[in-house]
Amino acid sequence: AGAHTDVLTARNRVLRAHADLRLQRLNRAPDLETNTVVQHDNVTGLGQFNVQLGVPLPVWDRNQGNIRAAEARVAADTAAVAAAENEVLARVADALGRLEANRAAAENFRERALPALGQAYRGAARRFQVEPGDAAAARAAFAEALAAQQALIQAHQG
């Protein structure tokens with residue numbers, strides 16, 4: 001079950017969640033925003049240079065919300081691995097159960113049904129061979145033997 005695609009996908013989600021958690025922990029300080037402007041004032045003929053620095057508030061947050069969300073994703077994705085493994089094992093168990101049931105049915109057919117069909121055919125063939133001279137009874141015995149023979153042949157083919 002460990003090499004099944006569903007399980008590998010679930011494990012990959014855990015790895016991604018861990019990588020996202022690491023990223024969120026590294027992003028505790030907000031980014032510094034900068035803006036620079038260079039311009040020329042045509043009225044005074046002077047050039048101007050402006051620098052603007054900014055830090056988003058709240059600085060004291062330290063990305064705690066995103067860290068907690070990433071931790072929750074790690075926990076959820078870790079639990080999903082076990083669920084995926086259980087699902088795959090359940091499907092395998094179901095398939096093995098069907099296989100065993102079909103094996104038992106085939107064995108029952110081979111050991112009980114085929115011999116019974118053969119016995120029915122032999123009995124109908126004997127009846128046809130020993131049936132008295134009555135034409136209607138002979139036709140009925142022949143039809144019965146023919147039907148038994150066809151059932152036996154179909155059982156061996158199927």
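The largest nonpolar core consists of 6 residues: Val 7, Ala 10, Val 14, Val 81, Ala 84 and Val 88. A nonpolar core here is a set of buried Ala, Val, Leu, Ile, Met, Phe, Trp, Tyr and Cys residues joined through side-chain atoms within 4.5 Å. Buried means under 20% relative accessible area, exposed means over 50%, and partly exposed lies in between (1.4 Å probe, protein chains only). Helices α1 and α2 (64-130) each supply at least two residues of this core. Apart from this core lies another, of 5 residues, including Ala 17, Leu 21, Ile 67 and Val 74.

The model is predicted: local features need pLDDT of at least 70, side-chain atom pairs count only at pLDDT 80 or more, and totals for chains, interfaces and linings use all residues. Residues are numbered from 1 along each chain as its sequence is written, and side-chain values use heavy atoms, with hydrogens and water left out.

The protein contains 3 helices and 2 strands. Their order along the sequence is α-β-β-α-α. The radius of gyration is 41 Å, well over the 15 Å that the globule rule gives for 158 residues, so the protein is more spread out than a compact globule. This radius is taken over C-alpha atoms, and the rule is 2.2 Å times the number of residues to the power 0.38. Along the principal axes, the C-alpha atoms fill a box of roughly 135 × 40 × 20 Å. Of the 158 residues, 15% count as buried. Helices (H or I, at least four residues) and strands (E, at least two) are DSSP runs, numbered from the N terminus.

Contact means heavy atoms within 4.5 Å. Ala 10, a member of the largest core, is in contact with Asp 77, Ala 80, Val 81 and Ala 84, leaving aside neighbours within four places in sequence. Gln 24 lies in helix α1 (residues 5-26). Gln 24 is buried, with a relative accessible area of 13%. Beyond residues up to four places away in sequence, Gln 24 touches Asn 63, Asn 66, Ile 67 and Ala 70.

Glu 33 belongs to strand β1 (residues 33-41). With neighbours within four places in sequence set aside, Glu 33 is in contact with Gln 52, Leu 53, Gly 54 and Pro 56. The C-alpha atoms of Glu 33 and Val 55 are separated by 6.1 Å, although the two residues are 22 apart along the chain.
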